Amino acid sequence: MGTFSGWTIPLMCSAFFQIPVKCLILLFLSRRGDTSFPRNEDGTLLYDNIDYKLTWAAMEKLVGKGLVRAIGLSNFNSRQIDDILSVASIKPTVLQVESHPYLAQVELLAHCRDRSLVMTAYSPLGSPDRAWKHPEEPVLLEEPAIAALAKKYNKTPAQIIIRWQTQRGVVTIPKSITQSRIKENIQVFDFTLEPEEMNQVTALHRGWRYIVPTITVDGKSVPRDAAHPHYPFNEPY
C-alpha cells in the first residue's frame, strides 16, 4: 500500500465518480499522479515519507462513507501490519504479497492467521512473462518436484501450485489473458495434495523474490527501492 499526502478524501472520492459502480468491494491504495516513478533533480527516485497510518485513517473514512466495503494492505511486513493494527478502527481484511513455492511466506502467513487477515498471493506462478525477468533466474513452472506432482495427478504445474496455496488457505490471483489457462486455473478442486506433498512443495522455499525491480550500483544488482523510508523487505518477514 502506498502512502501519499496528495490523496485527500475529496480526491479519493472524485476517483470513484469515474467508476460505474455504487461501491468498491476492496480498496488498495497504490500511487497518485500521472508519473509512475517521479524523480529528484539528480535522477534518484522521489519517495513520499507520509506515515502510512495516516493513509489508513483516510481509507477508513471511505468505508464510513459507504464507498468501499473492505480495505487491505499490500507488501507490508509483520511489523508494519502490527503498526496498522495498533491504530486501526477498521482492521485490514487482507494482505496481498508475492508468494509461491520459492517464496513460501510461511512465517508471514502464520502472522496473518493469528490476526485474522487473509493472505492473497500475487505472482503465484513466478510471473514468467514479465518484461524485466533475468535469464539466470529459476523458472518455477519447470521445478522438477512440481512437475512430478503434476504428472501424478494429471494436472499442470500451475494447477499444482495453485492447489498448494488453496490448501493452506491462501487466495491466489494468477495473471492470464488466455481463456484456456483461466479455466485451468480454477480446476483445482477435484484433487487434494497429501500432507507430505504439501510439505514437499513448501520446502522448495529459497527466499526468492521475482517482483523486486533492481538497479546496478557499483557493478552489483540491488533493489531499486531499498532507500524508501517504508521499504518492507529488510525485515525477516
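This is a predicted model: local features need pLDDT of at least 70, side-chain atom pairs count only at pLDDT 80 or more; totals for chains, interfaces and linings use all residues.
Helix α4 spans residues 106-114, and its buried residues are L108, L109, H111 and C112. Viewed down the axis of α4, these residues fall within an arc of 160°, so they line one face of the helix.

Just after α4, S116 adopts a positive phi of about 60°.

## Packing of α5 against α6

Helix α5 (residues 144-153) packs on helix α6 (residues 157-167) at an angle of about 95°, and their axes are 8 Å apart. Angles of 65 to 115 degrees count as roughly perpendicular, which means that α5 is roughly perpendicular to α6.

From α5, the contact involves I146, L149, A150 and Y153; from α6, P157, I160 and I161 take part. By class, the contact has seven nonpolar residues, with no polar and no charged ones.

## Nonpolar cores

The largest nonpolar core has 23 residues. Those with the most contacts inside this core are L140, I146, Y153, I160, W164, F191 and L193. Helices α5, α6 and α8 (195-202) each supply at least two residues of the core.

What does F191 touch, leaving aside its neighbours within four places in sequence? F191 is in contact with Y153, K155, Q159, I160 and R163.

Another core, of 21 residues, lies apart from the largest one. L67, I71, L73 and M119 are among its residues. In soluble globular proteins, nonpolar side chains tend to be buried together.

Methods. Residues are numbered from 1 along each chain as its sequence is written. Side-chain values use heavy atoms; hydrogens and water are left out. Axes are lines fitted to C-alpha atoms, for helices over the stretch in contact, and angles run from 0 to 180 degrees between N-to-C directions. Helices (H or I, at least four residues) and strands (E, at least two) are DSSP runs, numbered from the N terminus. Angles under 35 degrees count as roughly parallel, over 145 as roughly antiparallel, 65 to 115 as roughly perpendicular and the rest as oblique. Contact means heavy atoms within 4.5 Å. Ala, Val, Leu, Ile, Met, Phe, Trp, Tyr, Cys and Pro count as nonpolar, Asp, Glu, Lys and Arg as charged, and the others, Gly among them, as polar. Buried means under 20% relative accessible area, exposed over 50%, partly exposed in between (1.4 Å probe, protein chains only). The arc is that of the directions from the helix axis to the C-beta atoms. A nonpolar core is a set of buried Ala, Val, Leu, Ile, Met, Phe, Trp, Tyr and Cys residues joined through side-chain atoms within 4.5 Å.
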